[in-house]
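Take a moment with the sequence and the 3D view below. The paragraphs that follow walk through them one chain at a time, then bring the chains together.

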Amino acid sequence: MSTSPRLAPVDPNARSVFGSILAHQPGLAAAFFELYAEFWNRGVLDHASKETVRMRNARITDCGY
Amino acid sequence: MRSASVLGAEGVEFTNLFYKAKEGGANVGVVPAANEHLHPYLTSLGDKVEGACPGRTAEVISNAIRSALGLTRNEIGDLTAAESTVHMIAEQFVIDVHGVTDRQFAALKQHYDEPQIVAMLFRMALADGLGKLEKVG
């Protein structure tokens, strides 16, 4: 199941989810969230269309997010 | 013109719709021209991910994914056992990510530590997403 990562989080008290796994690579995490913020805050598509695509993609790929 | 409305780029000719996200290479992929503002962020992320992947694995992953998608790729020669495991998982990542088995992942862990695996999975996600974008565009 895609929402149950096989990798352990950096923080042993944290749940094993995308964010806690990404903490293994803080530089990559920072670069990813800069890109992600730019994607959501600017562009030629309105926010609702982006969210609709995101939700549809999550459903098709069995992603819990 | 193809798929322009899907990408929110009405009126943009197909030939101008994409441009290489990284100079001289197909390893990172392409970005819709209408979303040019994402380019520096994507390049920054792509460079960091490539740098964090151990040895030749960034190239191995790119090759595996581009091959699975039927896109052009570079030849990199014989793979080590560790690289073969990465190659196999990258191929499965494209075909059906849920098909990556516990056994395959355990093999990956025998060769690489967790930060390295995170970097390689990031590389797979970027190559898969951008490769598919290139494919359907």
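pLDDT is the predictor's confidence in each residue, on a scale from 0 to 100. It matters here from the start. This is a predicted model, in which local features need pLDDT of at least 70, side-chain atom pairs count only at pLDDT 80 or more, and totals for chains, interfaces and linings use all residues. Residues are numbered from 1 along each chain as its sequence is written, while chains are lettered from A and ligands numbered from 1 in the order in which they are written.

Begin with chain A. Its average pLDDT is 85, and 94% of the residues score at least 70. Its secondary structure consists of three helices and zero strands. Helices (H or I, at least four residues) and strands (E, at least two) are DSSP runs, numbered from the N terminus.

What are the dimensions of the C-alpha trace of chain A along its principal axes? The trace spans about 40 × 25 × 15 Å. The radius of gyration of chain A is 14 Å, whereas a compact globule of 65 residues would have one near 11 Å. That radius is taken over C-alpha atoms, and the globule rule is 2.2 Å times the number of residues to the power 0.38. Buried residues make up 11% of the 65 residues in chain A. A residue is buried if 20 or more other C-beta atoms lie within 10 Å of its own, exposed if 12 or fewer, and partly exposed in between; the C-beta atoms are placed from the backbone.

Two residues of chain A deserve a look. Pro9(A) sits in the segment before α1 of chain A. Pro9(A) counts as partly exposed because it has 18 C-beta neighbours inside 10 Å. Leaving aside neighbours within four places in sequence, its contacts are Ala14(A), Arg15(A), Ser16(A), Ser20(A), Ile21(A) and Ala23(A). Contact means that the C-beta atoms of two residues, placed from the backbone, lie within 7 Å. From Pro9(A) to Ala23(A) is 14 residues in sequence and 7.3 Å in space, C-alpha to C-alpha.

Asp62(A) is in the segment after α3 (47-60) of chain A. Is Asp62(A) buried or exposed? Asp62(A) is exposed, because 11 other C-beta atoms lie within 10 Å. Its phi is near 60 degrees, a positive value in a residue other than glycine. Most residues other than glycine have a negative phi.

Now turn to chain B. This chain has five helices and two strands. Read from the N terminus, the elements run β-β-α-α-α-α-α. Of its 137 residues, 36% are buried. Take the contacts in chain B between residues at least 6 apart in sequence: 55% of them join residues at least 24 apart.

Look closely at α2(B). The helix has twelve residues and reaches 16 Å from its first C-alpha to its last, close to the 16 Å expected at 1.5 Å a residue. The expected span is 1.5 Å times one less than the number of residues. Nine of the twelve residues are buried, so α2(B) is mostly covered. The buried ones include Val60(B), Ile61(B) and Ile65(B). What covers them includes α1, α3 and α5 of chain B. Just after α2(B), Gly70(B) takes a positive phi of about 75 degrees. Further on, Asp78(B) lies in the loop between α2 and α3 of chain B. Asp78(B) is exposed, because 6 other C-beta atoms lie within 10 Å.

Next, see how the chains meet. The contact takes 21 residues from chain A and 22 residues from chain B. On the chain B side, α1 and α5 each give two or more residues. α1(B) provides the largest share, seven residues. By class, this side has 15 nonpolar, five polar and two charged residues. Ala, Val, Leu, Ile, Met, Phe, Trp, Tyr, Cys and Pro count as nonpolar, Asp, Glu, Lys and Arg as charged, and the others, Gly among them, as polar.

Finally, the core. A nonpolar core is a set of buried Ala, Val, Leu, Ile, Met, Phe, Trp, Tyr and Cys residues joined through C-beta atoms within 7 Å. The largest one has 32 residues, and those touching the most other members include Val49(B), Ile61(B) and Met120(B). Both chains supply elements that give two or more residues, including α2 (26-41) of chain A and α1 (39-52) of chain B. α5(B) gives the most, ten residues. Leaving aside neighbours within four places in sequence, Val49(B) has contacts that include Leu28(A), Ala119(B) and Phe122(B).
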